[in-house]
Structure formats: C-alpha cells, structure tokens
Amino acid sequence: MKKGIKLAIILLSSLMVFSGLVFAQANDMLNIIGNGDFTKELSLNQPDEEGFVDTKGSWVLHTNSGGIAKGYLENGAFKAEVTDAGQQEHSIQLMQGPVNLERGKKYQITFDARSDSNNGIVIKLGADARRSWTAYIQDNKTLSTEMKTYQVEFVMGQETDENTRFEIWLLNEGNYWIDNIVLKETGQVEMVAEGTKTEADEDKVENWELVWSEEFNSSEINTDIWNFQLGNGPDWNQDGSPDAWGNEEAEYYTEDNAYIENGKLVIEAREETRIDMGKRLHYTSARLNTKDKYTFKYGRIEVRAKLPEGGQGIWPAIWLLGSNEDTAIWPACGEIDIMEYLGHEPNIIHGTSHGPVSAGPGIGHKYELPLGEKFSDKYHDFILEWDEDELEFYVDDVLYHVVNKYEAGEADWVFDHDFYMLLNLAVGGSWPGYPDDTTPFPQTMKVDYVRYYQDTDSRTIDDEKWDSEYEEMY
C-alpha cells in the first residue's frame, strides 16, 4: 500500500474516532440530568420534610408509605429489587433533583428499561410541597421483560421551577433494570404572559344571576338530585376487594349516615363496623353526588357549610368530577376540589384542580383562618368561579387561589365540559392519614345550601393577573 493512501486511512480513522467522541460529549451536554448512564455512584441524600432533594447530579432510591426496596448498580445499569410495593403508587421512587425546567420549553425523556414480569412504572417531573407537589408531566409505562427504549415528550406549562424532582415510580413487586436516562430540550413554544388586571377589574364586568339551588328544606334528601354511593368503593382492579375509592379510605358509605335536619344536609361519620366484600371497615359515613341528575359548566358555585370538629384522619370534601369520566378515565375527565379539609389542621382548607398532567398532586393552594379560629366554629361559604380560561377559589368571598388555563398549560386544561358535584366525609386515607385515639366520633359536616349562578354580563377583560394576593403572601 502506498504511504499516502495509508496515511489518509489513518487520518480518516482518527477523524472518525474524534468525531464520535465529540458527538458523545455533545450528547452528554444536551442531557439536563446527571448520571443517566449510571457510571457514578448513587446518592444517599433523601428529600427533606418539604420534599426538596439535592442528589448532587446522581440518583437516590426513596421509599415511603410502606414501600420496601433496595437499589444498586449492576453491569452499568440501575437495578431495583422491590419486595413490598407499599400503600401508594409513589411508595418507591428512583429520584433526582434539583432539575431546572423552564416555562415554555419542550422536553423529551428517553430511557432504557425492563422488568422481570411486565411491571409498571410512572415517569413524573414535578414540584415539592412548596408548589403543592404539582406534576409537570406524569406518564405510565408497562415494561417489557426485554430491555427497550421508552420516550416521553412534554411542554413545561407552568412557571419555571429550578427545584423540579425527576421521579420514576416502581409500582409492583419484582426486579427492575433502568439505564441511559436522558432529559433534553427539543424546542420552545410561545406562552401567554400573565397580565396586570386583578379580580377587582373582573368584578366590574360580572353580574351573577341565580339559576339553580338546593336549599335542603325538605324533610328527606331529594333523590331526584342526589345519588348515594355505597360501600368502600368499586372493585376496580378486580381482586375481590373494594378499592377504598382510590384514596385508601377507611370508611363504609351508607344511606343512613346522611339526613336532613333543621334545613341542613348532615353527613355523619361514625365509629362502627361494616363488612364489604370480606373487608372489615371500622367507620361509616356518606357520599352523595349529582351524576346524571344535575351538572355544572362555568359560572359561580357557592356551598355554605360547617365543617367537622376535626382530628387525625377526618377528610370532608366539596368537589366536582367531569361528567365524561366513564369514557375519559380520571384524571383526563378533570376534577375540581372546591374544598378539602384535613382534620388535623382545623383552620386550613385546600382548593385544587386535577388534570391529565397535574394528575394526583393537582394544582392547589390552601386558605388559612386566623390563629385560634376553626372551620368547625361556624358556617363558611366555599366558592368556585369558573369560566373558559380560569378557576377561582374563594372562602367567604376572599379569593385565595387561581388556576389559569395558560399558566397551568393547555394540556392540563380539561375544564370546558359538564361536571357533577360530590359531597362526602371520608375517614382516613392516603392524604389525611388515619384516626387515632385522639379522634372523636361521631363527626358531622353540615351543608346549608348549594347555589349556582351564571354571569349575565357578556363583557369580559383581557390581560388578567393569574395569582391572587393571598397566594403571593404564602
């Protein structure tokens, strides 16, 4: 071979190797997260009380709610051995943080994974408690028994979060292998900017007219309006046991625990035993809804109620579910929690929206009474004002939370169809925990009325400010 040709081949080979190295380095630079190829040690840094975690550019295996697992590096990949999947979907998490997600940016996640028996995982990028555990993307995958590449794409619809948590939930008992995790930017979309006009400006172009009400003035609950949901929930997973309404609730719902008294609907939680599909439950209560009987779409919904005394494990709610839930399975149907109350925090209520992106954590905010006051002391008005691009949550006409379509992201906005109402008093569950020796029984939620108004003023305003002053204070 001539020396010139041989030299050219050597140079070409060197160039190809160099180009490959440059390409690999460039690809690594595109990856927003660290140690995606698991060439470095795992982190030992666990989340703090508010959920913030700094894993120093690596990953940590985090267990909670009864989950038991161990994780380690094996042949250049992460391996998890899950011996107890725990009480919640998020009981076992492979986690990295903080990760910076910028509003309006398009992102792509790719990773290789397998399991030993077609186990399920959830991919979630979301906030910690300081932003109400909001999910920016939450996607379920069922893994093959062979190593395959999976992909998720999303747009960051909410405000930039420099403290995002990247979580992979391991849903089942068994073994998992995960490798080559990449999170990269793929583009940008134009987002609507927050305006400057406040609710005071919007009030000037609103004229609320009462179109329907339920005053509870009859001697019995009106079954032309209300349905009773009974038991401890349907057997959705068909394992022969009720599914605790999807929230690990501990009560058995009956018709006997709701009644009319002095013009008020009373929902009473009692400490007493019932059996449902062989499952022993130690509390009874009631859950009513208006499904297929009365629905709401836009307008002002006002519910005047006096909440239970409280205590560990008490969980009343006034809420709405999308009427299309049978075809658009939750959370695609949407959920609006006008009021939720955790009995161990007797001066605080929460307002939250749940859509297909925010999912279980939802987009929520709390309202807190002045120190020393409790929601069981007197009746309060819990109010939702709802239009084509905004949900506004009030207590006694004080605005405390706003969910704007463009702030939340249009992919999460599933609030443009009919919803029905639910009133219930749960006992126990994944969020409030369970009653203890200090929790008194019986307890009651009393509802004075439900009133529904529509805006008869056709005018509107543009350039709205998304957050209430109350939100900015907290």
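Two strands pair if DSSP finds at least two bridges between them. Strands (E, at least two residues) and helices (H or I, at least four) are DSSP runs, numbered from the N terminus. The model is predicted: local features need pLDDT of at least 70, side-chain atom pairs count only at pLDDT 80 or more, and totals for chains, interfaces and linings use all residues. Residues are numbered from 1 along each chain as its sequence is written, and side-chain values use heavy atoms, with hydrogens and water left out.

**View 1. The β24–β25 hairpin.** Strand β24 (residues 390–395) pairs with β25 in the antiparallel sense, over six bridges. E392 stands opposite V402 in β25. Two residues lie between the strands, and D396 takes a positive phi near 50°. In β25 (residues 398–404), six of seven residues are buried (under 20% relative accessible area, 1.4 Å probe, protein chains only).

**View 2. An open sheet of five strands.** The order is β2-β3-β10-β5-β8, with antiparallel pairing. β2 (68–74) and β8 (148–155) are the edge strands, each pairing on one side only. Within the sheet, β3 (residues 77–84) and β10 (residues 174–188) share five bridges. A80 stands opposite Y176 in β10.

**View 3. D412 in its loop.** D412 sits between α3 (405–408) and β26 (419–427). This residue is buried yet has no salt bridge (a side-chain nitrogen of Lys or Arg within 4 Å of a carboxyl oxygen of Asp or Glu). The nearest side chain of opposite charge, R103, is 11 Å away; Lys and Arg count as positive, Asp and Glu as negative, while His and the chain ends are not counted. The D412 side chain reaches the backbone nitrogen of V357 at 2.7 Å.

Technical notes
Buried means under 20% relative accessible area, exposed over 50%, partly exposed in between (1.4 Å probe, protein chains only). A polar contact is a pair of N or O atoms within 3.5 Å; within protein, one must be able to donate a hydrogen and the other to accept it, and residues adjacent in sequence count only if both atoms are side-chain atoms.
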